Amino acid sequence: MRISAIFQYLAVVAVIAFNASSANAQYYEIANQIPSLISPALSGSLNYKGFIDAGYSRTFGSYKADFLEFSTSQGFRYSDWFYMGVGIGVDVLFAHKNENWGEWDSYNGFDHDHSSTTTAAMMPLFTDFRVNLGGQNSASFFIDLKIGCSFLLSKNYIEIGDGYLTNQQYFYLRPSIGIRIPTNSQNPKQAFNIGISYKLLTSNYWNSWSRNVTLNSLGATIAYEW
């Protein structure tokens, strides 16, 4: 694949991701990209590559929460410096509530079957793009970008700050940068990645009025690739 074609593809994907009307639209875009990733592998023109990573991040701003993050990404290396794949993960969210905030009372017509929680599990689904800045046989820098959606794995609303996150689907964006360290001189595809990340989640939020909010978090990640 020519470099110009790669950048054209990245531009199209970025426009689709940032202009999607909902997290559901993000899910369908990810699903539609799977055949385009599989077909080059069947033709033998690409090299398979996989990642597994773990991380921890904490929000900044008005809404406080911690995330313990695990994910895997499977895809193909288009060149020595460019990787694209699709991934899935589990994020455990530990929200910090305002202690002065009252108990949930189904105000304003909310479903009585819902309850609230300050701990929740979320499942991100994403397209993963990675660029390596340097050779495969020595330590180098990487830039990684995950774009997709995240699903709340519960019907409970997440109690956070002075209110509740009420969506079941969230827009998901997670860029990261760091250092790639090869672990096997005989197989340069094997390496550890240590980096820092930023994560953006969008959601509906309810307190005394309903509105949309974003959760911004910064964290650290460690990954193994093969």
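Here is a short chat about the predicted model shown above.

User: Hi! What kind of model is this, and how are its residues numbered?

Analyst: This is a predicted model, with residues numbered from 1 along each chain as its sequence is written. Local features need pLDDT of at least 70 and side-chain atom pairs count only at pLDDT 80 or more, while totals for chains, interfaces and linings use all residues; side-chain values use heavy atoms, with hydrogens and water left out.

User: Okay, what is the mean pLDDT of the chain?

Analyst: The mean is 80, and 69% of the residues reach 70 or more. pLDDT is the predictor's confidence in each residue, from 0 to 100.

User: Where does pLDDT stay under 50?

Analyst: That happens over residues 9-13. The model has eight contacts for them beyond four places in sequence, where contact means heavy atoms within 4.5 Å.

User: How many helices and strands are there?

Analyst: The chain has two helices and eleven strands, and along the sequence they follow the pattern α-α-β-β-β-β-β-β-β-β-β-β-β. Helices (H or I, at least four residues) and strands (E, at least two) are DSSP runs, numbered from the N terminus.

User: And how much of the chain is buried?

Analyst: Of the 226 residues, 44% count as buried. Buried means under 20% relative accessible area, exposed is over 50%, and partly exposed is in between (1.4 Å probe, protein chains only).

User: Switching to aromatics: how many pairs are there?

Analyst: The count comes to seven aromatic pairs. Rings of Phe, Tyr and Trp (its six-membered ring) pair if their centres lie within 6.5 Å; planes under 30 degrees apart count as stacked, over 60 as edge-to-face and the rest as tilted.

User: Why is the pair of Phe 51 and Tyr 83 called edge-to-face?

Analyst: Their ring planes are at 65 degrees, with the centres 4.9 Å apart, so the pair is edge-to-face. Phe 51 lies in strand S1 (residues 47-60) and Tyr 83 in strand S3 (residues 82-95), so this pair ties together parts that are 32 residues apart in sequence.

User: Are those two buried or exposed?

Analyst: Phe 51 is buried at 2% relative accessibility, and Tyr 83 is buried at 3%. Elsewhere, ring pairs link Tyr 78, Trp 81 and Phe 82 into a cluster.

User: Which charges sit over rings?

Analyst: The charged end of Arg 130 sits over the ring of Phe 142, 4.4 Å from its centre. Lys 199 lies over the face of Phe 67, at 3.6 Å from the ring centre. The rule asks for NZ of Lys or CZ of Arg within 6 Å of the ring centre and within 35 degrees of the ring normal.

User: What lines the largest one?

Analyst: The lining includes Arg 130 and Phe 142, along with Asp 53, Asp 144 and Lys 146. Strand S6 (140-152) gives the most to that lining, with three residues.

User: Last one: where is Ser 150, and what is it in contact with?

Analyst: Ser 150 is in strand S6 and is buried at 1% relative accessibility. Beyond its neighbours within four places in sequence, its contacts include Met 122, Pro 124, Tyr 170 and Leu 201.

Note on methods
1 Å grid on protein atoms, 1.4 Å probe; cavity = no way out; pocket = protein on both sides within 12 Å on 5 of 7 lines; lining within 4 Å.
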